[in-house]
Each structure stands twice: as C-alpha cells, then as structure tokens.
Amino acid sequence: MISRRNIATAIGATAAGLAAAGLVSSAQAQTPAAETTFDRIRRTKKLRIGAVAGAAPYYNKDIATGQWGGFYIDLSKALAEELEVELEIIETTWGNSVLDLQANKTDIFFGLNPTPKRALVIDFSVPVFNNAFTMIAKKGLGKKTWDEFNNPAVKITVDAGSSQDQVATRLCPKAQISRFKAVDEAATAVMTGRADAQCIVMMLSLTMLKKNPQLGELVVPTPVFATTSNAGFRRESDKTWRDYVNTWLEFNRGLGLIRSVIIKNMEAVGITEADMPAGVSL
C-alpha cells in the first residue's frame, strides 16, 4: 500500500520536474492550485489593491512623483499594516476594477457601490460610508428631479461601466446617455456644452466642483438615491478574506479611524462636511 507521504512526495517531484522542464513555472509548482486570497496574502506578504488616478478624495496619484494618496489609500495602508504585509498599488479604472478582481489581479478594491449586476460576479464588504448620486448640471438647466432628467432632450454623460452609468441607465432611460472612458472626459463634455449634465457620486462631484466651479452646478435629484461605498472581492468559496476585512472595518469604525481618514482627505481637497447638500451625510 502506498502511503500518503509517498503520494505527496511523488506529486512534489512531478511538479518540480515539470518546472525544470519549463512546462510550468516554479511559482506554479510551489503554489497550491486552490489557494485562497487570504492564504496568498499571508504567503506572499503582499496586499494588492486597485486604485484610480484622478479620483480624489478616494484616490489621487501625484503625476510628478508617482505617489498615491486619498482616503482609500490611507485605509489600505492601515489594513496592510494590520496584516503585517506590503501594500502593492495597481492602477485601474472604475470600469475595469471588477474585471481586475475577477482576473485575480487585485485582492480588494475600495470604492464600489453594491449593485445587483456587480453582485452576480463579486462579493462586497460591509459599507465603508454613505454616498448619494448627483448631477453636475450646466448652469441654468433648472432640473431638480430624476423624472425631469429622464427626458429625450436631456444629454447625460457618465464614465462607462461605473455605478453612475448603471444608475443613469436605470433612472433616465429616455435621456441621451453618452459613455466616456474616464470621469474627466465626461465632465469636459458638460463644460464644453456638448452635454447637459454628468451623473456622478456625491464625493466625486463635490471634489470636482471645488477644483473647477465652472464645470456647472451641483444637483441632488429627488427623490435622493442614496447608496454606500464598499470594498469588492473576487468571488471564492472560502469567505475568510471578506470576513476578515468586514471585522477590520467594523472595529476601526468604532475607533473612529474610517471617519478621520475620510474627513482628512476631504479637507485636503478643500471640502468640509458643511459643503455636503442638506439631507446627505457620511
């Protein structure tokens, strides 16, 4: 009878032989095929996150130095420190963030609104903070409700694949919706008169208008469509990684860490809680 130890030795020898022959990489030979995200992080001592350039106060990349900032960068650094691992930042876009999780390019992505479409393919954390969908409308447009924006004569811009893309498509199906690769491109279309409004989450709209008031005016269409900002995870049967992050978020919410890093990074781009529209809070 062949013992389990002999079987394990034979399997290890086969993997090593394939690696030596160049048929598989040495990393593949050493890494279990069914390794979970949590186990991989602990083994490699690296936490891979996705980050979006030009998305302050969520994420911000200094063009000159290449250094990243933003409250989700600060939270990720704190999470990596808790795990005693190195933080690896991988640049992505809002539209590609879910695909990167699915492709196992990243371990977590902060800043996703949980939508039914996304819930079909990835898992979500508990909410990090509350958010709301807004419009940056050209001055004088005069529209205040979702029904008023849902008009064939109204041109709305969104960044393709984002939560605002899904919301505008759902709530304003009669409007003319133009999809752009990036948030800035969607904003430029409004500023140059090619569109009437940009659908975007409140945290980003406040930041953009603070930097450039000429973009338009902030409108929170009624009824207010509130959402939450969450972390996303690659779907896997083992939920250890998701559960760990949820426990970490709840613990640090109680300590006040989450609120403090959000407020600090809002203030860094000139936004205070007083700038938030009435009826909307963190």
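**Exercise 1. Sort the residues that line the largest pocket into nonpolar, polar and charged.**

Solution. The lining divides into 14 nonpolar, nine polar and six charged residues. Here Ala, Val, Leu, Ile, Met, Phe, Trp, Tyr, Cys and Pro count as nonpolar, Asp, Glu, Lys and Arg as charged, and the others, Gly among them, as polar. Keep in mind that this is a predicted model, where local features need pLDDT of at least 70, side-chain atom pairs count only at pLDDT 80 or more, and totals for chains, interfaces and linings use all residues. Residues are numbered from 1 along each chain as its sequence is written, and side-chain values use heavy atoms, with hydrogens and water left out.

**Exercise 2. Find the centre of the largest pocket and the elements that line it.**

Solution. Start with the volume, about 550 Å³ (the space filled by probe spheres set on grid points joined across faces, edges and corners). A pocket is an open set of points on a 1 Å grid over the protein atoms alone, where a 1.4 Å probe fits, with protein on both sides within 12 Å along at least five of seven lines; lining residues have an atom within 4 Å of a point.

Next, look towards the centre: of the 29 lining residues, A53, G54, A182, V183 and D184 are the closest to it.

Then turn to the elements, which are DSSP runs numbered from the N terminus (helices H or I, at least four residues; strands E, at least two). Strand 4 (86-92), helix 9 (183-191) and helix 10 (202-211) each supply at least two lining residues. Helix 9 gives the most, with six.

**Exercise 3. How many disulfides does the structure hold?**

Solution. There are zero disulfides (cysteine sulfur pairs within 2.5 Å) in the structure. For C172, the nearest cysteine sulfur is that of C199, 6.9 Å away.
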